Every structure is written in structure tokens, then in C-alpha cells.
Amino acid sequence: VQLQASGGGLVQAGGSLRLSCAASGRTSSSSVMGWFRQAPGKEREFVAAIRWSGASTGYADSVKGRFTISKDNGKSTVYLQMNSLEPDDTAVYYCAAANGLPFTINYFAREMRYDYWGQGTLVTVSS
């Protein structure tokens, strides 16, 4: 599975961005797609996850109510709509895919559970 993330950029605080992650290859083997982010000098952290089948989603507390993860199965693409952006949201955002992952937070929020990673896209939020 190959993942291509896009949509990052520079935005003012309070603004919005939509990230996209296009999956190619053996996408049928992946069950869960996740977004993670890594701010300068910090460890990578979980942001949101979604199952390819059904409508189950999960979010980090820090983005609940501001970010929305969605998918287009026909396009094998996952999106992350980010609203009310804050300077603390500044980070490189990565999408990831996992095979056969149970959709519980103990699994989908842990980066070690993911099998494939995209290259990352930079989001910078100015104050």
C-alpha cells in the first residue's frame, strides 16, 4: 500500500485546511486509516482514525469538535477537515494504514499498530 498525503500549507489561527491521503496498491488489505502529527521537538501523536468499512471514527481529545475525518471508498482517499486551527496544531501530518486492526482506541491510536505510512504534509498555523 502506498499513501500520498497532500493539502498542507500556511493558515492563520481560526482558519481551515483539508488534508487528503490517497491510497494505492493493495488497499483491500487495509482496514483502518489514521492521521498522526509531529510538531517540532515533539513525538508523533495520534489525531484521528476511520474504518474503511462502516462509519466508525475516533479522535484525539485535542482535536475533537474541530477536526473531522472522512473517506471516499471509491477514490481510496481519506480526508482530514481541520477547522478552528490553532498555533499548537502546527506539525507535519502523516496518514497511515493498518491491516486487520480492531477499531478500538487501544489499537487505532497507537502508531506501532500501523503498517504503512505516507510522506507527511506540513501544516503551519500562524497566530
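Predicted model: local features only at pLDDT ≥ 70, side-chain atom pairs only at ≥ 80, totals over all residues.
Biologist: How many disulfides does a search of the whole structure find?

Modeller: A disulfide is counted where two cysteine sulfur atoms lie within 2.5 Å. The sulfur atoms of cysteine 21 and cysteine 95 are 2.1 Å apart, and this pair forms a disulfide. For the whole structure, the search gives a total of 1 disulfide.

Biologist: How many residues apart in sequence are the parts that cysteine 21 and cysteine 95 tie together?

Modeller: Cysteine 21 belongs to strand β3, residues 17–24, and cysteine 95 belongs to strand β9, residues 91–99. The pair therefore ties together parts whose separation in sequence is 74 residues.

Biologist: Is the disulfide of cysteine 21 and cysteine 95 right-handed or left-handed?

Modeller: The handedness follows from the torsion about the S-S bond. For cysteine 21 and cysteine 95 this torsion is about 65°, so the disulfide is right-handed.

Biologist: Does cysteine 21 count as buried or exposed?

Modeller: A residue is called buried when its relative accessible area is under 20%. Cysteine 21 has a relative accessibility of 0%, and therefore it counts as buried.

Biologist: In which sense, parallel or antiparallel, do strand β2 and β11 pair?

Modeller: Strand β2 covers residues 9–12 and is joined to β11 over 4 bridges. Within this pairing, valine 11 has valine 125 of β11 as its bridge partner. The sense in which β2 and β11 pair is parallel.

Biologist: What is the bridge partner of alanine 91 in β11?

Modeller: β9 and β11 run antiparallel and are joined by 3 bridges. The partner of alanine 91 in β11 is valine 123.

Biologist: The backbone nitrogen of which residue does the side chain of threonine 121 reach?

Modeller: Threonine 121 is in strand β11, residues 121–126. Beyond its neighbours within four places in sequence, its contacts include Ser6, Gly7, Gly8 and Tyr93. At 3.0 Å, its side chain reaches the backbone nitrogen of glycine 8.

Biologist: What is the bridge partner of lysine 71 in β8?

Modeller: β7 and strand β8, residues 77–82, pair in the antiparallel sense over 6 bridges. In β8, lysine 71 is partnered by valine 78.

Biologist: Does arginine 66 count as buried or exposed?

Modeller: Arginine 66 is located in the loop between β6 (57–59) and β7 (67–72). Leaving out residues up to four places away in sequence, it touches several residues, among them Gln81, Glu86 and Asp89. Its relative accessibility is 12%, so arginine 66 counts as buried.

Definitions and conventions. Residues numbered from 1 in each chain as written. Heavy atoms only, no water. Helix = DSSP H or I, 4+ residues; strand = E, 2+ residues; numbered from the N terminus. Polar contact = N/O pair within 3.5 Å; in protein donor to acceptor, adjacent residues only side chain to side chain. Contact = heavy atoms within 4.5 Å. Buried < 20%, exposed > 50% of the residue type's maximum accessible area, 1.4 Å probe, protein only. Pairing = 2+ DSSP bridges.
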